[in-house]
Amino acid sequence: MAPDATTTPKEKAYRKLNTSKLLRDTMTLHILSTKQASQQGRLAWVTSGFPVEIPVAFDVTAAYPEQYGAIVGSEKCGPLLCGFAEELGFSQELCSYARSSIGSVKNPQQSPLTGLPTPQALLACNNICGTVLSWYEAVSEMTGAPVYLVDMPPLEGDQPSHHLSYVKSKLEGLIEFLSQTFNQDYDEEKLIQVAELSNEAVSLWTRALEACRHKPTPLNCADRFLSMAPIVALRGTQQAISFYQAFLAEVQDRVKNNVGAIVDEKVRLLWDNIPPWFTIYNFFNTLAKKGVSFPADSYTHAWSANIPRGEILESIAKVYSNVYLNKGLTAKIDKMCSLIKDYDLEGFVLFSVRSCKRYSLGQMVTKEEITRRTGVPGVIIEGDMVDSQQYNEAQVETRVEALLEMIV
Amino acid sequence: MATKSTLSIGIDVGSTTTKAVLLDAKRNVVTQYLLATGASAQKSVQKCLDELRKSSQQDLTVVPVISTGYGRRQALNAIKSVTEITCHSVGVHHLNPEIRTLIDIGGQDSKVIRIGTDGRPLDFELNDKCSAGTGRFLEVMARVLEVSINELGSLSLKAKRPSTISSTCTVFAESEVIGRIGTGESPSDIAAGVHKAMASKIATLSQRVGVKSPVSVTGGVALNPGFLYYLAQAIQTELWVPREPQYTGALGAAILALGGGE
Ligand code: SF4
């Protein structure tokens, strides 16, 4: 059979970023700092959509179990760690980030990096899903660290004032919780400074994402999923800014010189949801060989909102209540339709992640609606981001190939 | 640009059967062959090609082959592999250009494809995760009822009061059927219930892409009159079935191969 690839076997179909070394170094330093913070009694585990600027302003270091889940997935030990949690009685239906995290607390010696360092506090915000609370409660039972929940009820449309003041009261509660747990006074000035640092990193990141409107796109999906690590873990710190300055410079350089993330871009697609970490390179690079790029995705764009000026707690409450996982389906559909238009995309792939009901819910309607509004075709593929037992490569391949046959 | 060929071969390597079609330049079927895929897809591909050669009495070594189906990558001499979604659309469009929705029920999967006026797929839904709504479902039920798979369809058409089989899951439906036998319901009523359950599963899959008439049914299960009867009821539309519904995917692949796979 003639290979579908249009490149010779020796020539790579995708281009590695020069800043990947800086990324590795930045994240290694971050991991070391979480170990140190844990020893000093100043480590909190934090959910990905948490208003992290507040604990950072208390000099508390944040570690992200979801990011750890991505490492577990990439290291292909999802089934093993999820299995440890299942032995404790957790259901296979539970999010695989939660299962692998709980599994790693149970058996750190068999986990990548021997698990995340022991936390002194568990900070959950349910603006991404309700699972996080039960998950952190389970970890709390195992580690003794107290949980604080920033409750952000789902929003439909504009945020009413009672919603805003409710969320703000939860942030005030958080401040009290952190003052007591870490024995430190709240410093509003410091929080404002941290928020400014956070905004600066978010702006750099957003500019890099927006540069992908260029043809060929300077970043493919896997590039963005890996490079988003500092915007999740180091928001509000100078390290994040330093990394994204270098990152944006490389992206702009690629744009200026017309250097694409993939060698021969023919088809531009949108990606929705977390990626299958255990096969992320294989998936996107195999498609890159066929000339398929993903200049935009719904996931990495979730960290692109600036904290507005104004009363700081209110501003934080606004930004974090309005992440689109916390809003109705229409907000996400609107976002994806505008990405398709703005980035000139010809089709879309919705990854239905078995673990993440919140993100995957409504994809059938979403698919119909996006095609109706934009006229471009899409497919739904099924699987999981960490638990490779729930992913069937041949079935995924057939669906994506059929989509490409519809486009070309 | 690839040159147009005077002959072409399409080969559909399904999970249950492998089908091959040899076409001439005018898209007439010269000969075709079907066999059980068995344990080795590569062997069944080779066997199909040998049979095409024997019955056509032609040297087919330079004839372009396009493969499709789950084992499409196992056809090592194919110039290209194309998904069954596209091949089925192209195949049924050739047989009846009016068709706008295709329901293909294979041995272990089922698919619904909405087809554009040019014969290309516009949208599709695949069920390849479980045996509900596939030929396998009917095979299991036929075994429990102790009839052959070929008899099951006509048996169901003799039903007086079709049983209610509420589960579309093969494992659960099997116990339900055993239960119905126990309560003395007639084999024909149970067979009708089985087909109704299967038809409702396919109707749900169809609704996901939206059924647009005229509708065609292909795949081995399209030869089952009982299933067609209940499916037509479930989706409330007439169904068009090609004379040899199992060959549609291979036919589409052969048509694409005639154009050099473009
Ligand atoms: S369920 Fe989804 S949003 Fe919630 S923790 Fe898991 S992956 Fe994240």
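Buried means under 20% relative accessible area, exposed means over 50%, and partly exposed is anything in between, using a 1.4 Å probe on protein chains only. Helices (H or I, at least four residues) and strands (E, at least two) are DSSP runs numbered from the N terminus. This is a predicted model, in which local features need pLDDT of at least 70 and side-chain atom pairs count only at pLDDT 80 or more, while totals for chains, interfaces and linings use all residues. Residues are numbered from 1 along each chain as its sequence is written, chains are lettered from A and ligands numbered from 1 in the order in which they are written, and side-chain values use heavy atoms, with hydrogens and water left out.

**Helix α7 of chain B**

Let us begin with helix α7(B), residues 225-235. Its buried residues are G226(B), F227(B), L228(B), Y230(B), L231(B) and I235(B). An α-helix has 3.6 residues a turn, so residues three or four places apart point the same way. What do the buried residues of α7(B) pack against? Their partners, all in chain B, are β6 (101-105), α4 (149-156), α6 (187-209), β9 (215-218) and β10 (239-240), where contact means heavy atoms within 4.5 Å.

At its N-terminal end, α7(B) is capped by N224(B), with a side-chain oxygen 2.9 Å from the backbone nitrogen of G226(B). Such a polar contact is a pair of N or O atoms within 3.5 Å; within protein, one must be able to donate a hydrogen and the other to accept it, and residues adjacent in sequence count only if both atoms are side-chain atoms. After α7(B) comes Q236(B), with a positive phi near 55°.

**Two domains in chain B**

Chain B is divided into domain 1 (7-90 + 246-258) and domain 2 (98-241), with bounds from an automatic or database domain assignment. The contact between them takes 12 residues from domain 1 of chain B and 18 residues from domain 2 of chain B. Together the two domains of chain B bury about 1200 Å², 63% of it on carbon and sulfur atoms; buried area is the accessible area (1.4 Å probe) that two parts lose on being put together, summed over both. I85(B), H88(B) and S89(B) supply 43% of the area that domain 1 of chain B buries against domain 2 of chain B, more than any other three residues.

E84(B) is found in helix α2 (residues 84-95) of chain B. This glutamate, E84(B), is buried, with a relative accessible area of 1%. Not counting residues up to four places away in sequence, E84(B) touches T398(A), T68(B), G69(B), Y70(B), R72(B) and K111(B).

**Around the ligand**

Which helix gives the most to the shell around the ligand? Helix α6 (residues 131-143) of chain A does, with three residues. The residues around the ligand include E66(A), C95(A), Y97(A), W135(A) and M385(A), each with a heavy atom within 4 Å of it. The shell divides into nine nonpolar, two polar and one charged.

**Backbone details**

| Peptide bond | Omega |
|---|---|
| K215(A) to P216(A), cis | near 0° |
| S213(B) to P214(B), cis | near -10° |

P216(A) is found in the loop between α8 (188-210) and α9 (221-227) of chain A, and P214(B) in the loop between α6 and β9 of chain B.

L113(A) has a positive phi of about 55° although it is not a glycine, and L113(A) is partly exposed, with a relative accessible area of 40%. N183(A) also has a positive phi of about 55° without being a glycine, and N183(A) is exposed, at 71% relative accessible area.

Methods. Nonpolar A, V, L, I, M, F, W, Y, C, P; charged D, E, K, R; others polar.
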